[in-house]
Amino acid sequence: MSIVKLLHGTDHIIKTPDYSLGKPHNDYGQGFYCTEVLEMAKEWACKENKNGFVNEYNFNTDGLNILNLLDGKHSVLNWIALLLKNRIFTLQDEIAIDARNYIIEHFSVDLSAYDVVIGYRADDSYFSYAQSFVSNTLPLRSLNQALKLGKLGAQTVLISKCAFKQIEFVNAEPVDKEVYYPKFLSRDTKARTTYQKDIKKSRSYRDDIFVMDILREEIKNDDPRIQRIILE
(Lines give C-alpha, C1' and ligand atoms only; values in the text may rest on other atoms or scores of the structure.)
Protein backbone atom coordinates (compact mmCIF):
# COMPACT_ATOMS: atom_id res chain seq x y z
CA MET A 1 0.00 0.00 0.00
CA SER A 2 1.37 3.42 -1.01
CA ILE A 3 0.35 6.09 1.49
CA VAL A 4 1.15 9.77 0.92
CA LYS A 5 0.58 12.49 3.51
CA LEU A 6 -1.38 15.37 1.96
CA LEU A 7 -2.19 18.77 3.46
CA HIS A 8 -5.03 21.12 2.63
CA GLY A 9 -4.96 24.68 3.96
CA THR A 10 -8.29 26.47 4.34
CA ASP A 11 -10.39 28.47 6.80
CA HIS A 12 -12.26 25.45 8.19
CA ILE A 13 -11.84 21.79 9.07
CA ILE A 14 -12.66 19.30 6.31
CA LYS A 15 -12.97 15.77 7.65
CA THR A 16 -14.58 14.35 4.51
CA PRO A 17 -13.55 15.98 1.21
CA ASP A 18 -16.52 16.11 -1.15
CA TYR A 19 -15.97 15.65 -4.88
CA SER A 20 -19.11 17.64 -5.75
CA LEU A 21 -17.93 20.77 -3.92
CA GLY A 22 -14.82 21.43 -6.01
CA LYS A 23 -14.81 24.63 -8.06
CA PRO A 24 -14.61 24.00 -11.83
CA HIS A 25 -12.43 27.03 -12.62
CA ASN A 26 -9.35 26.08 -10.59
CA ASP A 27 -6.00 25.27 -12.25
CA TYR A 28 -6.88 21.67 -13.11
CA GLY A 29 -10.63 21.96 -12.92
CA GLN A 30 -12.87 20.47 -10.26
CA GLY A 31 -10.99 18.66 -7.52
CA PHE A 32 -9.46 18.71 -4.05
CA TYR A 33 -6.21 20.71 -4.03
CA CYS A 34 -3.48 19.67 -1.61
CA THR A 35 0.25 19.97 -0.99
CA GLU A 36 2.90 17.92 0.79
CA VAL A 37 4.62 21.08 2.11
CA LEU A 38 3.44 22.22 5.54
CA GLU A 39 4.53 25.86 5.21
CA MET A 40 2.72 26.16 1.89
CA ALA A 41 -0.47 24.70 3.37
CA LYS A 42 -0.32 27.17 6.25
CA GLU A 43 -0.05 30.09 3.83
CA TRP A 44 -3.03 28.82 1.84
CA ALA A 45 -5.00 28.49 5.09
CA CYS A 46 -4.69 32.23 5.73
CA LYS A 47 -4.79 33.63 2.19
CA GLU A 48 -8.04 35.52 2.93
CA ASN A 49 -6.45 37.17 5.99
CA LYS A 50 -8.40 34.89 8.33
CA ASN A 51 -7.25 32.31 10.84
CA GLY A 52 -7.33 28.88 9.27
CA PHE A 53 -6.52 25.22 9.53
CA VAL A 54 -4.15 22.76 7.91
CA ASN A 55 -6.08 19.54 7.35
CA GLU A 56 -3.86 16.46 7.23
CA TYR A 57 -4.79 13.31 5.32
CA ASN A 58 -3.43 9.90 4.48
CA PHE A 59 -3.89 9.26 0.78
CA ASN A 60 -3.68 5.74 -0.65
CA THR A 61 -2.45 5.98 -4.25
CA ASP A 62 -2.74 2.27 -5.04
CA GLY A 63 -4.60 1.61 -8.28
CA LEU A 64 -4.89 5.27 -9.23
CA ASN A 65 -3.75 6.86 -12.48
CA ILE A 66 -1.52 9.82 -11.64
CA LEU A 67 -0.46 12.56 -14.06
CA ASN A 68 2.76 14.22 -12.91
CA LEU A 69 3.33 17.38 -14.94
CA LEU A 70 6.66 17.88 -13.15
CA ASP A 71 8.17 14.54 -14.20
CA GLY A 72 10.35 16.02 -16.95
CA LYS A 73 8.21 14.47 -19.68
CA HIS A 74 5.89 17.48 -19.81
CA SER A 75 6.60 21.14 -20.52
CA VAL A 76 5.32 24.41 -19.14
CA LEU A 77 3.10 24.58 -22.23
CA ASN A 78 1.16 21.54 -21.03
CA TRP A 79 0.57 23.40 -17.78
CA ILE A 80 -0.42 26.60 -19.62
CA ALA A 81 -2.85 24.61 -21.78
CA LEU A 82 -4.66 23.27 -18.72
CA LEU A 83 -4.82 26.74 -17.17
CA LEU A 84 -6.28 28.16 -20.38
CA LYS A 85 -8.85 25.39 -20.44
CA ASN A 86 -9.95 25.68 -16.81
CA ARG A 87 -9.20 29.16 -15.48
CA ILE A 88 -11.00 32.33 -16.54
CA PHE A 89 -8.69 34.50 -18.65
CA THR A 90 -9.28 38.02 -19.90
CA LEU A 91 -7.99 37.97 -23.48
CA GLN A 92 -8.45 41.23 -25.36
CA ASP A 93 -6.96 40.66 -28.81
CA GLU A 94 -7.20 38.14 -31.60
CA ILE A 95 -3.63 36.88 -31.16
CA ALA A 96 -4.30 35.87 -27.57
CA ILE A 97 -7.61 34.23 -28.46
CA ASP A 98 -6.03 32.29 -31.34
CA ALA A 99 -3.12 31.34 -29.08
CA ARG A 100 -5.46 30.05 -26.39
CA ASN A 101 -7.31 27.85 -28.87
CA TYR A 102 -4.11 26.54 -30.49
CA ILE A 103 -2.35 25.75 -27.21
CA ILE A 104 -5.38 23.97 -25.79
CA GLU A 105 -5.71 21.90 -28.97
CA HIS A 106 -2.05 20.90 -29.29
CA PHE A 107 -0.63 20.98 -25.74
CA SER A 108 -3.49 20.13 -23.39
CA VAL A 109 -3.58 16.78 -21.60
CA ASP A 110 -6.85 14.85 -21.40
CA LEU A 111 -7.47 14.55 -17.66
CA SER A 112 -10.42 12.20 -18.01
CA ALA A 113 -8.05 9.21 -17.89
CA TYR A 114 -6.51 10.29 -14.56
CA ASP A 115 -7.46 10.28 -10.90
CA VAL A 116 -4.74 12.63 -9.63
CA VAL A 117 -2.75 15.54 -11.08
CA ILE A 118 0.59 16.78 -9.71
CA GLY A 119 1.70 20.18 -10.99
CA TYR A 120 2.45 23.83 -10.35
CA ARG A 121 0.04 26.10 -8.52
CA ALA A 122 -0.90 29.28 -10.41
CA ASP A 123 -0.71 31.98 -7.74
CA ASP A 124 -1.63 35.49 -8.90
CA SER A 125 1.80 36.49 -10.18
CA TYR A 126 2.24 33.30 -12.19
CA PHE A 127 -1.27 33.53 -13.56
CA SER A 128 -0.34 36.99 -14.89
CA TYR A 129 2.81 35.53 -16.49
CA ALA A 130 0.65 32.97 -18.27
CA GLN A 131 -1.56 35.77 -19.57
CA SER A 132 1.50 37.69 -20.78
CA PHE A 133 2.82 34.65 -22.63
CA VAL A 134 -0.47 34.08 -24.42
CA SER A 135 -0.62 37.79 -25.32
CA ASN A 136 2.82 37.48 -27.01
CA THR A 137 4.66 39.79 -24.58
CA LEU A 138 6.60 37.12 -22.63
CA PRO A 139 8.85 34.52 -24.30
CA LEU A 140 8.85 30.86 -23.34
CA ARG A 141 12.33 30.96 -21.78
CA SER A 142 11.38 33.75 -19.37
CA LEU A 143 8.17 31.99 -18.40
CA ASN A 144 10.02 28.78 -17.72
CA GLN A 145 12.68 30.55 -15.64
CA ALA A 146 10.03 32.38 -13.61
CA LEU A 147 8.38 29.12 -12.65
CA LYS A 148 11.68 27.56 -11.59
CA LEU A 149 12.92 30.55 -9.57
CA GLY A 150 9.61 31.28 -7.91
CA LYS A 151 9.57 28.07 -5.85
CA LEU A 152 5.89 27.57 -6.45
CA GLY A 153 5.94 24.10 -5.02
CA ALA A 154 3.89 21.21 -6.30
CA GLN A 155 0.23 20.70 -5.59
CA THR A 156 -1.51 17.35 -5.68
CA VAL A 157 -5.09 17.43 -6.92
CA LEU A 158 -7.66 14.67 -6.55
CA ILE A 159 -9.88 14.85 -9.63
CA SER A 160 -11.87 11.60 -9.66
CA LYS A 161 -14.44 9.99 -7.40
CA CYS A 162 -12.11 7.00 -7.07
CA ALA A 163 -9.38 9.25 -5.66
CA PHE A 164 -11.78 10.77 -3.14
CA LYS A 165 -12.58 7.31 -1.80
CA GLN A 166 -8.93 6.77 -0.92
CA ILE A 167 -8.24 9.84 1.22
CA GLU A 168 -8.59 9.64 5.01
CA PHE A 169 -8.66 12.55 7.48
CA VAL A 170 -5.98 12.44 10.21
CA ASN A 171 -6.20 15.74 12.07
CA ALA A 172 -6.39 19.54 11.73
CA GLU A 173 -3.88 22.10 12.97
CA PRO A 174 -4.95 25.73 13.59
CA VAL A 175 -2.98 28.44 11.77
CA ASP A 176 -2.52 32.05 12.91
CA LYS A 177 -3.26 34.66 10.23
CA GLU A 178 -0.93 37.15 11.93
CA VAL A 179 1.99 34.88 11.04
CA TYR A 180 0.97 33.29 7.75
CA TYR A 181 -1.02 35.93 5.88
CA PRO A 182 2.11 38.14 5.64
CA LYS A 183 4.05 35.09 4.43
CA PHE A 184 1.41 34.45 1.79
CA LEU A 185 1.74 38.05 0.54
CA SER A 186 5.52 37.90 0.72
CA ARG A 187 5.70 34.86 -1.55
CA ASP A 188 3.80 36.66 -4.31
CA THR A 189 5.85 39.84 -3.89
CA LYS A 190 9.08 37.88 -4.01
CA ALA A 191 7.96 36.15 -7.20
CA ARG A 192 7.32 39.47 -8.91
CA THR A 193 10.62 40.91 -7.66
CA THR A 194 12.54 37.87 -8.83
CA TYR A 195 11.02 38.24 -12.27
CA GLN A 196 11.86 41.94 -12.53
CA LYS A 197 15.43 41.65 -11.22
CA ASP A 198 16.67 38.23 -12.29
CA ILE A 199 14.68 37.39 -15.39
CA LYS A 200 13.34 40.43 -17.21
CA LYS A 201 16.64 42.34 -17.17
CA SER A 202 18.60 39.36 -18.45
CA ARG A 203 16.08 38.50 -21.15
CA SER A 204 17.53 37.41 -24.48
CA TYR A 205 15.35 36.74 -27.51
CA ARG A 206 17.99 34.70 -29.33
CA ASP A 207 16.55 31.26 -30.13
CA ASP A 208 13.56 31.98 -27.89
CA ILE A 209 9.93 31.24 -28.69
CA PHE A 210 6.99 33.63 -28.47
CA VAL A 211 3.42 32.50 -28.81
CA MET A 212 3.32 34.11 -32.26
CA ASP A 213 6.12 31.75 -33.33
CA ILE A 214 4.07 28.81 -32.12
CA LEU A 215 1.11 29.97 -34.20
CA ARG A 216 3.03 30.87 -37.36
CA GLU A 217 5.15 27.74 -37.41
CA GLU A 218 2.44 25.47 -36.03
CA ILE A 219 4.81 24.20 -33.35
CA LYS A 220 3.65 21.00 -31.68
CA ASN A 221 4.25 19.41 -28.30
CA ASP A 222 7.19 17.28 -29.43
CA ASP A 223 9.14 20.11 -31.09
CA PRO A 224 12.82 19.87 -30.02
CA ARG A 225 13.07 23.66 -29.65
CA ILE A 226 10.60 23.54 -26.80
CA GLN A 227 12.48 20.74 -25.08
CA ARG A 228 15.77 22.63 -25.44
CA ILE A 229 14.41 25.73 -23.72
CA ILE A 230 12.69 23.76 -20.96
CA LEU A 231 15.88 21.87 -20.11
CA GLU A 232 18.12 24.98 -19.86
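1. The lining of the largest pocket is made up of 13 charged, eleven nonpolar and eight polar residues, where Ala, Val, Leu, Ile, Met, Phe, Trp, Tyr, Cys and Pro count as nonpolar, Asp, Glu, Lys and Arg as charged, and the others, Gly among them, as polar. The model is predicted, with local features needing pLDDT of at least 70 and side-chain atom pairs counting only at pLDDT 80 or more, while totals for chains, interfaces and linings use all residues. Residue numbers start from 1 along each chain as its sequence is written, and side-chain values rest on heavy atoms, without hydrogens and water.

2. The space in this largest pocket amounts to about 990 Å³, a volume being that filled by probe spheres set on grid points joined across faces, edges and corners. A pocket is here an open set of points on a 1 Å grid over the protein atoms alone, where a 1.4 Å probe fits, with protein on both sides within 12 Å along at least five of seven lines, and lining residues have an atom within 4 Å of a point. Among the 32 lining residues, His8, Lys23, Asn26, Lys47 and Arg121 are the closest to the centre of the pocket.

3. Helix H7 gives the largest share of this lining, four residues, helices (H or I, at least four residues) and strands (E, at least two) being DSSP runs numbered from the N terminus.

4. Three strands form an open sheet in the order E1-E3-E7 with antiparallel pairing, where pairing requires at least two DSSP bridges between two strands. E1 and E3 (residues 52-60) are joined by eight bridges, and leucine 6 has tyrosine 57 in E3 as its bridge partner.
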